[in-house]
Amino acid sequence: MLRDIEVSEVGMGCMAFSHSYGKIPTEEYSIEAIRNGFEHGCTFFDTAEVYSQGLSDIGHNELIVGKALKGVRDKAVIATKLFLSVPAFGSVYGTVRKHLEASLKRLQTDRADIYYLHRMGMISVEKVAEAMGKLIDEGLIRGWGLSQVDVDMIDRAHKVTPLAAIQNIYSMVERDSEDKIIPYCMENNIGFVPFSPIASGLLSGKITAETKSEHYDDVRNWVPQLSKKNIVGNQPIVDLLKKYAEIKNATPAQISLAWMLYKYPNVVPIPGSKNKERIIENLDSSLVELSEEEFISLENSLNECKVYGHRGLGGF
Ligand SMILES: NC(=O)c1ccc[n+]([C@@H]2O[C@H](COP(=O)([O-])OP(=O)(O)OC[C@H]3O[C@@H](n4cnc5c(N)ncnc54)[C@H](OP(=O)(O)O)[C@@H]3O)[C@@H](O)[C@H]2O)c1
């Protein structure tokens, strides 16, 4: 649950159909992949207005998500994001609404279920919260959220208009949010939506120091845990996942997701993949049941591993 919005235990990050992981699939393939995810039980789909190759074709991803979910719209929860890093010209409400209207048109819908501010930038969070409250009252969004924010920002925003979800980076190798943010969200009935939950592929165990990323629009060129040196340094974490994958007859990516699903009741990860089979594999992580003993032993072993590379809440 993301506040009062019901979603599947695992969602689908749709970004890679348009952005961030090199060559994008055809529109036909992407639409089918999203529909397959839906048919497999996924009801939570994550997109953003800026997701497009090289950030040059705004709305590309929303158009695909809109086409894929047309016809099943009422059974799907769509989360999208607006990018507004500098103070709005005119009223913040007017600017946010303009972005939202464009997104809704591309998504072929009359409402967004969750509308996030993608990055804080230099805008007053109180003004954004006020604008989001108005959009909720008008029925144009069901809930709102922030992305890559600390607990002070969350608290300031939540006091103006209660938040439905926080979307921060979170995985076995990016655990900054465990300290204050996830507990705050739990106490205040706010969903926590981890992005890059498989650490951009590292935790699948499929990446080695020899794996080559693509030249254009591929975050794997700079994700710190994926430098040649750090892939080697992080191998004990991957080995740990492989060990549990064997015990549980699952895959390392599934164990990394099952770990966070077990750990927190309010966490809904949105793994990203542009591969139909892996999308199903990731959704099925909700079927991997860790016992209390298995979780504790996995957690203890993880805590003993040093993590090489850190993105944190500061950047992308
Ligand atoms: N709020 C924000 O600022 C923000 C930032 C980044 C992302 N996001 C959202 O979060 C979603 C997920 O993040 P992400 O895509 O960066 O990271 P991720 O889910 O941690 O990892 C994606 C990478 O892992 C690979 N992968 C995924 N599942 C796999 C599996 N089972 N086996 C092997 N490899 C696998 C994918 O390759 P293949 O495609 O080849 O499977 C891709 O290279 C995005 O789609 C987006 O919606 C939000």
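Helix H10 (residues 276-283) gives the most to the shell around the ligand, contributing 3 residues; helices here are DSSP runs of H or I with at least four residues, and strands are runs of E with at least two, numbered from the N terminus. This is a predicted model, in which local features need pLDDT of at least 70 and side-chain atom pairs count only at pLDDT 80 or more, while totals for chains, interfaces and linings use all residues. Residues are numbered from 1 along each chain as its sequence is written.

**Ligand shell**
- The ligand is surrounded by 28 residues, the closest being Gly 13, Met 15, Gly 201, Ser 204 and Gly 272, where a residue is near if its C-beta atom, placed from the backbone, lies within 6 Å of the molecule.
- By class, this shell has 11 nonpolar, 12 polar and 5 charged residues, with Ala, Val, Leu, Ile, Met, Phe, Trp, Tyr, Cys and Pro counted as nonpolar, Asp, Glu, Lys and Arg as charged, and the others, Gly among them, as polar.

**Helix packing**
- Val 92, Tyr 93, Val 96, Arg 97 and Leu 100 in H3 meet Lys 127, Val 128, Ala 131, Lys 134 and Leu 135 in H4, contact meaning C-beta atoms, placed from the backbone, within 7 Å.
- The residues of this contact of H3 with H4 divide into 7 nonpolar, no polar and 3 charged.

**Overall chain**
- The protein chain has 11 helices and 7 strands.
- Its C-alpha atoms fill a box of roughly 55 × 40 × 35 Å, taken along the principal axes.

Methods. Contact = placed C-beta atoms within 7 Å.
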